[in-house]
Each structure stands twice: as C-alpha cells, then as structure tokens.
Amino acid sequence: MLRAAAVFSDHMVLQRERPIVVFGEADAPVTAVMGDARAQAEPQAGRFRLTLPALPAGGPHTLMLECGGERATFTDVMVGEVWLCGGQSNMEFTLITGKDGAAEAASAGDDMLRFYTVNEEADVDEAMLYRERATCWKALRPGTCGDVSAVAYYAGRRLREQLGVPVGMLICCVGGTEISNWISREALLDLPEGRAELEAFEKSIEGIDDDAFQRASDAYAARVDAWCAISDAMRREDANVKADAIVARAGDFPWPPPTGPGMMRRPGNLWRTMTSRIIPYGAKGLLWYQGESDSGKAAAYPALFAAMIGQWRRGFENDGLFVVAAQLPNYGADPAQEDWPAIREAQQRVCDSVPGCALACLLDCGETGDIHPWDKRAPGRRMADLALRHAYGRADIPADAPRLSGVERIHGGARLRFTRPLAELRGEGRSLLADGAIAAARVEDGALVIEADRLRRVSYARENDPEACLFAQGGLPVFPFDIEL
C-alpha cells in the first residue's frame, strides 16, 4: 500500500532551497526519485517520511514514489516559494465572492501561481490522517481559481510579480474559528489560557449527547444550504452583489453553528484534523488573518497567538517560518460584546515581540456593516509586501505602516512623530482624540501637530470601528496608538 499525503499532487509547488520532505502512508519501504535525486525510507506504524535534497527554483520536475509493486507519479512539479495561508473567514473569503472577483477569476492566468486548499474536516481517523476528498494543486488559469482565498490570490499574484519564481499558496483556514482551534490540545494544556479554553468547552457541552448534536447539526446544515441557495442565485444574477443586498433577501447568515462534542470548531481540533495533514510540507512563511472570533475574550489572545506561532514553526520544522499577520480592520461590532481594539493591540504586541513576524495595518480596509470586507486587494498586497521586505530583504518596498515613534510638547500642544513621515490627515479625524475630544490637528513636515492646552493624552483608532485618517506617503495607514504625555 502506498499513498502520499494528499498535498502531494500534479502541479504542486515545493519550497526551494530547503530539503524536500515527502510523507504519507505505506506498508513497505518507499523510494522517491526526482531527477538525479533518490531517497528511501522504512515506514513506521503505517506511515513513511523521506527527504530529498534541496533544489533551486525551477521545473517542471517529475516526482516518482515506489513501494513494493505500487508506483505514484506526480508531474509538472515546480520548485519555488510556498506560503501557508491560515485563519478564519476573511482568509477563507473566496476570490469570486469579492469586488470584481468574477471578472478577475474569469480572465486571470499564470501557470506559475498555484493553489492548494485543505479540505475542512470536523474529524479524521488517525489511520486516514493524510487522506482527503478529491483535491489537488491547481495552476491559475482563466475560470479555474474563483473558489480560492481572495487574500491568498492577491498576495500570491504580488509575490509572483516581484520574485519571478513559481509561487504556491497552501490554504488552510475555516470561517468562524478561534485561535485555540489551531493549536494542539497538548499545547493548550501547557498554557493557563489554553486550559481555560478547554475547560470552557467541556462545560459548554455538558448534557449534549452525540445524537442530539447530530440532529442539531443536520438542521443547521439545512438552514445554511437554504441561505446559500439564495446567495448563489443572487451572485449569478450580479457577480458584484454586496452582502447587505443578500441579507435583505436571505436574512443574516445562520450563525453560530450548534455546540456539541463533535463540533469542528473545538479547542485543538483543527490542528489535528487539518494542519497536521500538511505537516511538514516545506514553506517559506505563513499569512495569518484571524482574531474576529476571539474579540470577546481578548485577554487570552497574546499568549495563544504566540503559542500558535511556535507550534506551527515546530510542526513545519522551520524555526524561520516568517509570519505575516493581518491586524483586524474597522468593523461596527457591539462594544459591549466584542473588543476589537484589544485584539489589534494583542496582534501588535505579539508581532513586535516574537522574532520573524510582521503585521499588516488594515484600519482602512473594513466595512462598518460587514465583518467580511468586500475588497481583498489591499490586504493581500500589504501582506505580500511585508513578506517581500522582511522575508526576502526587499528594502525598496515600503511595506511597514507608520507607528508612533516620539512625542514632544510644544507651545499650545504637542508634536507627534512617526516611523515614516505622515502625508495627510483625511476625513473628520473623529478617531484622533486629545484628552477624549476630537483633536484639532494638522500634518506639518511629516509630523502630526496637536493643538491643545495642557494636553495629557492622545489616542488614535481605539474603537471597534475607527475612522482611519492618518496616512503616510503611498497610502499606508498609521497603526493605532494611545499615549500619555
């Protein structure tokens, strides 16, 4: 018996300049051949793992596996740059769903930009860890990639333009997930915050048996199918129909799903049922867009986010796995229930303290009435630009959004300086506050001058739905800040 993990298929992209690890299921010694390279491995407990030497960017190659009398051959294999794309629904949000996405999907073509999407699984038998429903790598060709992540598409396209090598985007995400879903149960038990997540889940399912959960899940699936039927029909009529128009006809998307012992979104589960299925496929880095579902319990997020980064790096056997996170954009969430500024602050704290991380500021990319912003171009490009600058050393790309770097008192107010000179103050500035009131301010010589007597505190974008009004040259918004003078 020979079965490579499902992530190995025709048209795949392998990470350049790193040893190539091939893994899967087998019941006898496995030999791998790719060009002049050959490797062999004995299976352990029904699984095999072998390593081929690192290769430079290029291709196409053919990878052949042999086990006893069986053979598996993968063709059109390219070597280039591989990026993991993880998170929740804003990473899952498909190209065809977004602004002008249908036209983009219908016309875009680039055989050297390829995508693989891990199937969502609520559970998986250990004996079938590496198997999936029919799925494979696919190259970007007109009409073929409308169902891939929009952020992954726009980020991948930017990486291709700038790097000039094959690029593979390996997408592993599920809408509505908390960060604890993407960390193993064992790792959660090592953290007070993780143990609290597990205990809260166990308490939430008390008295719910498997049969009751299955009945509730079937009923919920029927509601989702009915909602999607209306949504899909409206999108066929108008490819750029907005979410509020769909809600007006179909109602709000059915949410949340039922709680029960077998639910997909339980602590530790998606690490086991999804991430583990692609470990340790070679990758350069991770694009991570997640945090919305943790906004009601932000205090635990820094520890869990840092733990997740560490576990993914260990799992993919790459201590240098570069992480680019998307800071949550503006959204009109209920502040009594959700604290988006605290999640933004946690994301910034972790990305500043954990080496090999960068954070994309998206304050101007949200929509007040829609948790799923329609336009994913800017998020995808900004995340790719951070990868280009920091993971590839492209100092010519101005990727980092400005941060507050210093404050000095001046007569009648204060002057605030930033890591990049400011270019403009847009709009009404309602989210720029001086001692709690909308600040009288102006941009002067790249700094922000606040006019206020006896000024004590300046804050910016400390709301769920702030107005992004401070921008550097090139259009990058300033990160949120809150400072006492």
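**Strands 15 and 16**

I looked up the pairing of strand 15 with strand 16 in this predicted model: the two run antiparallel and are joined by 6 bridges. Two strands are taken to pair if DSSP finds at least two bridges between them. Helices (H or I, at least four residues) and strands (E, at least two) are DSSP runs, numbered from the N terminus.

Conventions, for the record. Residues are numbered from 1 along each chain as its sequence is written, and side-chain values use heavy atoms, with hydrogens and water left out. Because the model is predicted, local features need pLDDT of at least 70 and side-chain atom pairs count only at pLDDT 80 or more, while totals for chains, interfaces and linings use all residues.

Axes here are lines fitted to C-alpha atoms, for helices over the stretch in contact, and angles run from 0 to 180 degrees between N-to-C directions.

Strand 16 (residues 413-418) and strand 21 (residues 447-451) run antiparallel and are joined by 4 bridges. I found A414 opposite I450 in strand 21, and R415 opposite V449 in strand 21. I also checked burial: 5 of the 6 residues of strand 16 are buried, so strand 16 is largely enclosed by the rest of the structure. Buried means under 20% relative accessible area, exposed over 50%, and partly exposed in between (1.4 Å probe, protein chains only).

**Loops beside the sheet**

D445 is in the loop between strand 20 and strand 21. I noted a positive phi of about 55° for D445, although D445 is not a glycine. D445 counts as exposed, at 74% relative accessibility.

D453 is in the loop between strand 21 and strand 22 (457-460). D453 also counts as exposed, at 60% relative accessibility.

**Helix 3 against helix 11**

I looked up the packing of helix 3 (residues 150-163) on helix 11 (residues 377-390): the angle is about 45° and the axes are 7 Å apart. That makes helix 3 oblique to helix 11. Angles under 35 degrees count as roughly parallel, over 145 as roughly antiparallel, 65 to 115 as roughly perpendicular, and the rest as oblique. The crossing is right-handed; a crossing is left-handed if the near helix is turned anticlockwise from the far one by less than a right angle, and right-handed if clockwise.

Residues of helix 3 that meet helix 11 include Y154, R158 and L159, and those on the helix 11 side include R381, M383 and D385. Contact means heavy atoms within 4.5 Å. I sorted the residues of this contact into 10 nonpolar, 2 polar and 4 charged. Ala, Val, Leu, Ile, Met, Phe, Trp, Tyr, Cys and Pro count as nonpolar, Asp, Glu, Lys and Arg as charged, and the others, Gly among them, as polar.

**Helix 6 against helix 7**

The axes of helix 6 (residues 210-237) and helix 7 (residues 243-250) come within 10 Å and cross at roughly 130°. Helix 6 and helix 7 are therefore oblique to each other. I recorded this crossing as right-handed. Among the residues that meet are W227, I230 and R235 in helix 6 and I246 and R249 in helix 7. The contact divides into 6 nonpolar, 1 polar and 3 charged residues.

**Around helix 8**

I listed two cis peptide bonds. One joins W255 and P256, with omega about 5°, and P256 is in the loop between helix 7 and helix 8. Another joins I279 and P280, with omega about 5°, and P280 is in the loop between helix 8 and strand 12 (285-289).

T273 lies in helix 8 (residues 269-273) and counts as buried, at 0% relative accessibility. Leaving aside neighbours within four places in sequence, I found T273 in contact with E121, A122, D123 and V124.
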